[in-house]
Structure formats: C-alpha cells, structure tokens
Amino acid sequence: VPNSNPIIGNISNNILVCEGDYLSYLFNVSDADEDDLTVDISPKNPFYTSFYRSINSTSDTYEIFSGTLSKSNAGGVNAGSKNYSETITASDGNSSDSKNTNITIIEINNAPSITNIGVQTIWARGENSSFNYQVRVSDTEDGNQSSGNLNFSIIFSGESLFNISSSGVMNFTANSSYIGVYNISICVNDTGIDNPYQNISLCGQDGSSLTSCNNFSLTVTNQN
C-alpha cells in the first residue's frame with residue numbers, strides 16, 4: 001500500500017494576538033495511514049506547537065501556543081505590532097505537508113502602576129508636622145514618576161490642602177487649623193502609544209492615554 005501524505009487542515013493566513021495575552025490556536029492534521037506524526041513550527045520562539053487531542057484514528061488536533069507575550073515580543077515601545085512569518089509542518093517520516101501563516105502580535109498601551117501610598121499621619125505641631133511624599137509610578141511605555149511623560153492630578157474629598165508636582169511630589173505642613181482626616185485620590189495618566197495597530201480594538205482598547213488612581217488618607221492630629 002503506498003504511503004499517504006499527512007494533510008494539515010486550514011490555518012488562517014493572519015493570526016492576531018495581543019501583547020499581554022498568550023496564543024492558543026488549534027488546527028487539525030490527518031493521515032490516512034494512521035502514522036505517528038511529527039508536527040512542528042519554524043522558526044520557534046515565541047511560538048511552539050504541541051499535540052492537543054485525538055479526533056479519531058486518522059485525525060488529531062494540534063495547537064500553536066505561546067507564553068504570555070511581552071512588549072518586546074510586540075516589537076518594543078511604539079512599534080504598533082510585530083509580524084512573525086511561520087511555517088507549520090507535519091511529517092510521518094516519509095512524506096510531509098506544510099502551511100505558512102503570519103502571526104501578528106499587537107502592541108497595547110499598559111496603564112500606569114502606582115505603588116500603594118497607604119494611611120499617612122502627621123501632627124498639628126512639632127517636627128512631625130510635615131507631609132513630604134513622592135508618588136512612585138511605573139509605566140511600561142512612559143517610564144517612572146521622574147520621566148516627565150506622566151501627568152499627575154490630585155482630588156480631595158473636602159478641603160484642598162496642597163498640589164502635586166509634575167514629578168508626583170506632595171509637600172504640606174500642618175497646624176491646628178487642619179486637624180481632621182482627609183481622603184485623597186492621586187491619579188496618573190500616560191501618553192498612549194504613537195503607532196497603534198489598525199486592529200488594536202481586538203485587544204479592548206485604542207492605544208490612547210490610560211489613567212490609574214490610588215486612594216489614601218492623611219490624618220492631621222494633636223494626639224501622639
């Protein structure tokens with residue numbers, strides 16, 4: 001009986017996946033001879049293939065998969081996307097089949113991450129009557145609080161005590177007229193990405209500026 005070639009089922013010409021996600025793309029491979037097949041992808045990294053499940057004696061499902069895809073996998077900051085030209089092969093040891101596909105990793109804008117400020121207390125007089133604090137922020141695209149790429153805003157639930165600088169610094173010295181508890185919200189927004197991919201909406205965003213906020217309380221007291 002002549003050997004039958006393995007046959008790779010339909011694979012999309014353009015597979016899309018978002019930065020921060022992982023790829024899991026299923027496809028079928030059949031072989032009339034019921035041979036053990038070797039299914040592979042080239043080049044590897046960040047994408048690989050593995051057996052997924054058996055359909056019947058002549059057909060199996062395989063998976064193109066990845067780990068969580070990073071900013072560098074997507075081409076770097078403001079790249080918009082990165083395309084990977086991949087070849088899928090299936091071999092029974094004597095004959096083979098192959099399919100080509102393009103896998104595009106779409107860059108997203110990551111929201112700023114603010115380190116928790118927590119509960120703060122100062123006294124109405126004495127050497128501990130000043131509140132001096134710099135908000136610590138990290139942003140994948142725009143750097144940290146000192147980069148000059150981030151915009152800070154401050155919101156008080158009641159009376160406004162102080163402002164916040166362009167680098168996230170707050171300075172305030174209390175006296176007995178300020179005794180009380182103040183609930184404060186610090187918000188930071190980034191600049192977005194310069195070159196969003198045309199189908200970035202698949203990732204649930206448009207690549208524009210994102211804002212993160214952190215709430216904390218400041219207590220001014222006479223009691224030590």
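Which residues of the largest nonpolar core touch the most other members? The views below take up this question and a few others.

This is a predicted model, in which local features need pLDDT of at least 70, side-chain atom pairs count only at pLDDT 80 or more, and totals for chains, interfaces and linings use all residues. Residues are numbered from 1 along each chain as its sequence is written, and side-chain values use heavy atoms, with hydrogens and water left out.

**View 1. The largest nonpolar core.** Among its 25 residues, V135, F162 and M170 touch the most other members. Such a core is a set of buried Ala, Val, Leu, Ile, Met, Phe, Trp, Tyr and Cys residues joined through side-chain atoms within 4.5 Å; buried means under 20% relative accessible area, exposed over 50%, and partly exposed in between (1.4 Å probe, protein chains only). Strand 16 (180-189) is one of the elements giving two or more residues, and its four are the most. Strands are DSSP runs (E, at least two residues), numbered from the N terminus.

**View 2. Around M170.** Leaving aside neighbours within four places in sequence, M170 is in contact (heavy atoms within 4.5 Å) with residues including V135, F162 and F216. A second, separate core of 20 residues includes I41.

**View 3. Strand 4 and its partner.** In strand 4 (residues 38-42), V39 and I41 form the covered face, while T38, D40 and S42 form the uncovered one. Strand 7 (residues 81-91) runs antiparallel to strand 4, joined by five bridges. Here V39 stands opposite A90.

**View 4. The loop residue L210.** Between strand 16 and strand 17, the loop holds L210, which is partly exposed at 26% relative accessible area.

Note on methods. Pairing = 2+ DSSP bridges.
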